[in-house]
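Have a look at the sequence and the structure first.

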There are 2 protein chains.
Amino acid sequence: MSSQTLTDTVQLTPILEASRRAAVDLAAAPTQVKNRALAAVSAALRGNVPDILTANRADLAAGRENGLSGGMLDRLMLDEARIEGLAAAVEQIALLTDPIGEVVRGRSLPNGIRISQVRVPFGVVGVIYEARPNVTVDIAAIALKSGNAVVLRGGSAAENTNRVLVGLLQQAIGSSGLPAESVQTIDPFGREGATLLMQARGHVDVLIPRGSAGLIQAVVNQSKVPVIETGAGVVHIFLDESANADWAVEIVHNSKVQRPSVCNALETLLVHRDAAARLLPGVLAKLAASGVTVHGDARVREIFPAAVPATEEDWGTEYMGLEVSVAVVDSLDDAIAHIRRYSTGHTESIITNDVVNAERFLAEVDSAAVMVNASTRFTDGGEFGFGAEVGISTQKLHARGPMGLPELTSTKWIVRGSGQVRA
Amino acid sequence: MSSQTLTDTVQLTPILEASRRAAVDLAAAPTQVKNRALAAVSAALRGNVPDILTANRADLAAGRENGLSGGMLDRLMLDEARIEGLAAAVEQIALLTDPIGEVVRGRSLPNGIRISQVRVPFGVVGVIYEARPNVTVDIAAIALKSGNAVVLRGGSAAENTNRVLVGLLQQAIGSSGLPAESVQTIDPFGREGATLLMQARGHVDVLIPRGSAGLIQAVVNQSKVPVIETGAGVVHIFLDESANADWAVEIVHNSKVQRPSVCNALETLLVHRDAAARLLPGVLAKLAASGVTVHGDARVREIFPAAVPATEEDWGTEYMGLEVSVAVVDSLDDAIAHIRRYSTGHTESIITNDVVNAERFLAEVDSAAVMVNASTRFTDGGEFGFGAEVGISTQKLHARGPMGLPELTSTKWIVRGSGQVRA
């Protein structure tokens, strides 16, 4: 560690200590106070559109100068409609049930002691993400509703926009009687700040990386703070021998094309050899008509000659665009084995009319979401009815799949006695 | 990384791949098959007492030669009664409700899709622990019941005992029709094995360190696999102004003396200044009569001159023996502030007759277990009615407090559709 880093440590600690103090107040805040703060945040966003847009235009100009891709510039860009969308989302979060205080389970012990497990906030949540200013507002609102203080490290390309947004958030929250430090940014510390955040075990209770696979892996590898891994999805659909052809065509197309850049989009299509000739022409023609490039194995290319040869690397690739890997397999067992080898454990779906195969797929495929006869695009907090979207966990510890407000909480045991001691 | 370590990597991978295959079978195993395997384990322990004792005597002899402390030798030692205790514990675990397959929540979505969140095993669980052979059997049985394959790295001082125990476990499990590789040891790989286990992200789903604070910190700092931190307890009791004197005397004594070497034993006693003269003489006299050394601040020593002066370091010390730190505080607020500063977040208890203060303590102290008028020794899986004891989590992610079988599981989302696609 360089002496520069040591200096930064000294500077980061007061910020994290202020977060901890804010977290103490937030944990005790009644739902109505938190909702009032959320309403103030909505109003602040709507009331300061010009300031937000000015800052955002500066980020966009710098981004263009630095050669950001069109996709990245689009994610970075705010306009009046998007700001209104953010304000509306914050209002939605205010309407959700407060998870804090929920009694998860409880009982009386034989000695008369009563125990109950109660939902509490984590405390201080760190979030490391890329240049998407909407994440700043979404995460701050979700953290506030679940009683957590949040420390944000956004992508440097959004630094101006985030500075204005965090300022508005702090002012709105402060004006509602909750600590302004409920939301803080460490963007001024640059990359060093992210590194220090990952080492701040004890100061930060949980760290959530949101963004590219590279970002998430870097956080997972370096963090000493417990991490909830989100994201990467090499998502599979298996067309079983008995698959309904219409469902196969529509579900595959929807899963791949409806929004190809997201983690629950289809990346690899597997088809049973005895259904390949029946299903693949129609399924792949509809994909091709939408501009999808098919990477096929030899048996796929016999049926669909327009396919390019699939490489070994393709089976593990998350294209995030209009490409798909397709393979013919000899059996359900082979399909499950392929998925076990290449899947990132996000979402897999089987299209089948066979109840035994459906149940085997659901039981034996080890992913956050396993589906029968449904589009993989349904693995989503909004679709599941969770309201707010924190991300989709692909790890097994703590949260798995779409994360709603309860996934941003811990629990504690409340023990009420009347003088009992242990024999 | 030395080339020696790289060679070891090559050797460890086949073991972890065998664990993964075993985990697939275990995840699908019906409860009755898992219970039959547990019965076979009990029988194997009871039927091979001489072999176990011979191996254990070799470890004890080596331990004496290497200068192990009396306490460590005691933890390492098995005798007929302890082996019978292990066999009985395995039978108890067979009687517990199987957590796998439990539907945690579920609903129908507006589009007719049905979703349900179902409890599933983690898959492969790694455990790094010290020279306590009972942990080998306990953890293996708990993992088996919860459908997890387990990879064990025990302390080298118990290597002979563990080799015999793992052999018996594998034979018994294999004879029941489940994979013998459900339980594996990497003890032959020595320290390198533990290091590699911590790097085996993807191969190992969760890592649980059990043992000293040093061991746990080393795992937390080095592991790239998600960790459940167990253990360290700087446990507090606060005697409020209104505390019942009899309860104060009995609860403090029980919390400190009943089993001082464990993590839920009392380490620091705080007392309200307006109750110090009334309560401390009786409370501390009873502790002293049991051989407890009192480390007191200046106001404590005025009331109880036998106390030695408490140092700053004492407030953060887990004595794990017959010593206690004692301070007089000016208010409930000061008591909570002291706890917030020095506690490890394990267990804290208030002794009070004041309902407002009781509720404030329960709400504002951020520990895995918070208590009113009860001994801290009750933070325990057995006392909470969980049956088996996996450890006590002091982190907030995934599990907090005593860990039973459900805490060794994850969940997955089952999604059943009939051709739905996302609009």
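This is a predicted model: local features need pLDDT of at least 70, side-chain atom pairs count only at pLDDT 80 or more; totals for chains, interfaces and linings use all residues.

## Ground rules

A residue counts as buried under 20% relative accessible area, as exposed over 50%, and as partly exposed in between, using a 1.4 Å probe and protein chains only.

Residues are numbered from 1 along each chain as its sequence is written, chains are lettered from A and ligands numbered from 1 in the order in which they are written, and side-chain values use heavy atoms, with hydrogens and water left out.

## Domains and annotation

Chain A is split into domain 1 (3-228 + 403-416) and domain 2 (235-378); such bounds come from an automatic or database domain assignment. Taken over C-alpha atoms, the centres of domain 1 of chain A and domain 2 of chain A are separated by 36 Å.

An unreviewed UniProt entry puts the annotation "domain: Aldehyde dehydrogenase" on residues 88-289 of chain A. UniProt positions are given in the numbering used here, feature names are shortened, and annotations may be inferred rather than shown by experiment. Over residues 88-289 of chain A, the chain is 44% helix and 22% strand, with the end C-alpha atoms 36 Å apart. Helices (H or I, at least four residues) and strands (E, at least two) are DSSP runs, numbered from the N terminus.

## Helix packing

Two packed helices are described by the angle between their axes and the distance between the axes. Here axes are lines fitted to C-alpha atoms, for helices over the stretch in contact, and angles run from 0 to 180 degrees between N-to-C directions. Under 35 degrees counts as roughly parallel, over 145 as roughly antiparallel, 65 to 115 as roughly perpendicular, and the rest as oblique. A crossing is left-handed if the near helix is turned anticlockwise from the far one by less than a right angle, and right-handed if clockwise.

In chain A, helix α2 (residues 31-47) and helix α7 (residues 159-175) have axes that come within 8 Å and cross at roughly 140 degrees, so α2(A) and α7(A) are oblique to each other. α2(A) passes α7(A) in a right-handed crossing. α2(A) also packs with helix α6 (residues 133-145) of chain A, where the axes come within 9 Å and cross at roughly 165 degrees. That makes α2(A) roughly antiparallel to α6(A), again with a right-handed crossing. Over in chain B, helix α6 (residues 133-145) and helix α7 (residues 159-175) pack at an angle of about 25 degrees, with their axes 9 Å apart. α6(B) is therefore roughly parallel to α7(B), and α6(B) passes α7(B) in a right-handed crossing.

## Aromatic pairs

How many aromatic pairs does the structure hold over all chains? There are six. Rings of Phe, Tyr and Trp (its six-membered ring) pair if their centres lie within 6.5 Å; planes under 30 degrees apart count as stacked, over 60 as edge-to-face, and the rest as tilted.

One of the pairs is Phe384(A) with Phe386(A), edge-to-face at 6.0 Å centre to centre and 85 degrees between the planes. Both Phe384(A) and Phe386(A) are buried. Together with Trp413(B), Phe384(A) and Phe386(A) form one aromatic cluster.

## Buried spots and their sequence partners

Leu76(A) is found in helix α4 (residues 70-76) of chain A.

In chain B, Asn56(B) lies in helix α3 (residues 49-65) and is buried, with a relative accessible area of 0%. Asn56(B) and Ala158(B) are 102 residues apart in sequence and 7.4 Å apart in space, C-alpha to C-alpha. Ile83(B), in helix α5 (residues 80-95) of chain B, counts as buried at 1% relative accessibility. The C-alpha atoms of Ile83(B) and Asn134(B), 51 residues apart along the chain, are separated by 8.4 Å.

## Positive phi

Met320(A) is not a glycine, yet has a positive phi of about 55 degrees. Met320(A) is found in the loop between β10 (308-309) and β11 (323-329) of chain A and is partly exposed, with a relative accessible area of 35%.
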